[in-house]
Amino acid sequence: MMTLRAAIRFGFSALALAALAVSLPALAADKIDPVADAKAFKKFFYEKFPKLKPEDFVNGPYSMDEGLHKQWVEKEEFPPYEFAVDLGKEMFTKPFKNGKTYEDCFPNKGIGIRQNYPLFDEKQGKVVTLELALNQCREANGEAPYNYVRDEMAALTAYMAFTSRGKPMDIKIPDDPRALEAYQMGKEYFYTRRGQLNFACSTCHVQSPGERVRTEVLAPALGIMNAMPIYRSEWNSMGTTSRRFVTCNSQTRGVPLTPQDDEYRNVEYYLSYVANGLPISGPGARP
Amino acid sequence: MASTIRVRATSKDDITEVQALIQHPMDSGFVKDSKGEIIPPHFIQKLTFELDGKTVFAADWGGGISKDPYIKFSFKGGKKGDELKVSWSDNKGASDQTTAKIG
Amino acid sequence: MTTNNHQFSRRLILQGAGAVALIGLGNFGLAPALAAANDKYPEEAFKAKNEADAIKALYGKAPEASDKVKLDAPEIAENGAVVPVSVSTSLSDVTSISFLVAENPVALVASYKIPAGTMPAIANRIKMAKTSNVIVVVEAGGKLYSAAKEVKVTVGGCGG
Amino acid sequence: MSMHRIVLTALFLLAGTAVALAASEADYKAAYAAADAANKEAGALRNQWTTTASMLAASKKAADAGDFDKAVDAAREAEELAKASIYQAKSEKELWKDMEIR
């Protein structure tokens, strides 16, 4: 882990130096340093919520509000996402028409690997999320892709997350300028205000976690991906990471992008990377 | 098809604790869909738990029970390995049943 | 939830055992399970708009408040669609327990029969249309006792 | 002021307001096209607003019903919203950095 991070930092310093040499006025603030970002990100949240342990953040608003926490504990006695996990498990090993299964598309047959997603695929030159990988698997085996926002996709990712529970998020940024760029684009998306309400993702999930906006207790951005997919009482059903992004956009009166567009995959990459080391808690239940 | 009923029953010190989760929409008949039309009522009305032919718990439910209903109760008796029978029926005449071993 | 990973896995395995046990279903008809004389579904009570009418339709009388009925419900519901509510009581000879939500379009939510030997303690999850009193009625020794608690609902679960 | 002049003035005023208010189908088409173009530019910047889309839809609906005054008003509002979203997208290219946790 340390050596990897050191390698990233090293690789990056070299890159930044090269950039400096080309364009002299490059500011220190413009340098892309994921390791420093993740450190600052965690420090911000740990200082904002001194009573919470790092692993509490992956349980979102339930760690922020005592009344909510109690309702959550009661729900977890027999969690509402259990049907999705069972369905996902059944689907995962059921052969496609060509006889292959999802197991054939993933390392370790797909078990206990959720914490490695999203990953930067150097062959495709882009960030590949678990949802995208699942649909790529389907298409490679002659099956139609699933809708990204619910039902089958949520069941599959719920099962895969379930097999990774407790494993620390482990997102890698390979020594590839395209990977760094994707990371940086994701970060930019996260902090960019959009929609008529002029909200960035960070407006709610950095500045105001634990507070109520209208009726919801906002989740902290740190560890928010670790709980995906989630069963939301508000939705009365399961939803994927894609669904969460799309609904966030519409709530700020912005027209959502298409699920798994570059921006969404990149912001998932960024948010997952800065949560490295925190445990996978998905599938989660949320208000 | 997988059962709509999930049951966990555990016996300790002659007390059996039972928890169940049932997959059912539990439409109350007061909710509108995205087109503004009322979703007709569709909910479980009867739920029973039996051990050795004796009812240990029975519920009458209305549409005010949450989607995918959850219930928890305990009763005296029941040993590890005993079979608990669970059945439900809804207002449209559908039903399901299962048995679960007490653990 | 990350803390009880093992416990959860074990639970999944338990369900597997339940599924296997399905084989013994042949002699288990649905009708006999519901055949007891007092097992008729209380249609009228589930039509009543307010809690007093529902209780009357169900029991034919009114309850008295009792501090021996412990109702546990959240101060603020995370979402009206799923409100965990539970009850327990130190009263003896309990024969039934009912849950009502005063402001729901139909007040009666659930009515449970408690045969001898079953503990007078139940947890369930209910819908609430808006902020309202949740009322629990316990029938014990032929008498009715009740407890109530207000639960604030900011996101309704009954059509809102 | 003679009666004659009063009537004339009144007629003139009436005509004036009528000219100012009555939008034609051509006015609507121009206003709608301008709004639609601005909204497409916002789309290229990946920052359309749902409110722009609603106003465009309202404009079209009014035009279909033959109410071109209303259609033009809605189209102009849509254009303003679209322009605001373009402004937002462009200014955020730099402003987002102020929000970053460092």
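Where in chain A is the place of A:Asn108? A:Asn108 sits in the loop between α4 and β1 of chain A, where helices (H or I, at least four residues) and strands (E, at least two) are DSSP runs numbered from the N terminus. The model is a predicted one, in which local features need pLDDT of at least 70 and side-chain atom pairs count only at pLDDT 80 or more, while totals for chains, interfaces and linings use all residues. Residues are numbered from 1 along each chain as its sequence is written, and chains are lettered from A and ligands numbered from 1 in the order in which they are written.

Most residues other than glycine have a negative phi, and most peptide bonds are trans. For A:Asn108, phi is positive, near 50°. This residue has 10 C-beta neighbours inside 10 Å and therefore counts as exposed; the cut-offs are 20 or more other C-beta atoms within 10 Å of its own for buried, 12 or fewer for exposed, and partly exposed in between, with C-beta atoms placed from the backbone. A:Gln260 also has a positive phi, near 70°, and lies in the loop between α9 (241–251) and α10 of chain A. Because A:Gln260 has 21 C-beta neighbours inside 10 Å, it counts as buried.

Two cis peptide bonds can be found in loops as well. One runs from A:Tyr117 to A:Pro118, with omega near 5°, and A:Pro118 belongs to the loop between α4 (82–93) and β1 (119–121). Another joins A:Gly282 and A:Pro283, with omega about -5°; A:Pro283 is in the loop between α10 (262–273) and β7 (284–286).

Helix packing comes next. The axes of α7 (residues 177–191) and α10 of chain A come within 7 Å and cross at roughly 95°, the axes being lines fitted to C-alpha atoms over the stretch in contact, with angles from 0 to 180 degrees between N-to-C directions. The two helices are therefore roughly perpendicular, a term for angles of 65 to 115 degrees. Residues making the contact (C-beta atoms, placed from the backbone, within 7 Å) include A:Tyr183 and A:Phe190 of α7(A) and A:Val267 and A:Tyr270 of α10(A). The contact residues divide into 10 nonpolar, 2 polar and 2 charged; Ala, Val, Leu, Ile, Met, Phe, Trp, Tyr, Cys and Pro count as nonpolar, Asp, Glu, Lys and Arg as charged, and the others, Gly among them, as polar.

Chain C averages a pLDDT of 79, pLDDT being the predictor's confidence in each residue, from 0 to 100.

Notes
Parallel < 35°, antiparallel > 145°, perpendicular 65-115°, else oblique. Contact = placed C-beta atoms within 7 Å.
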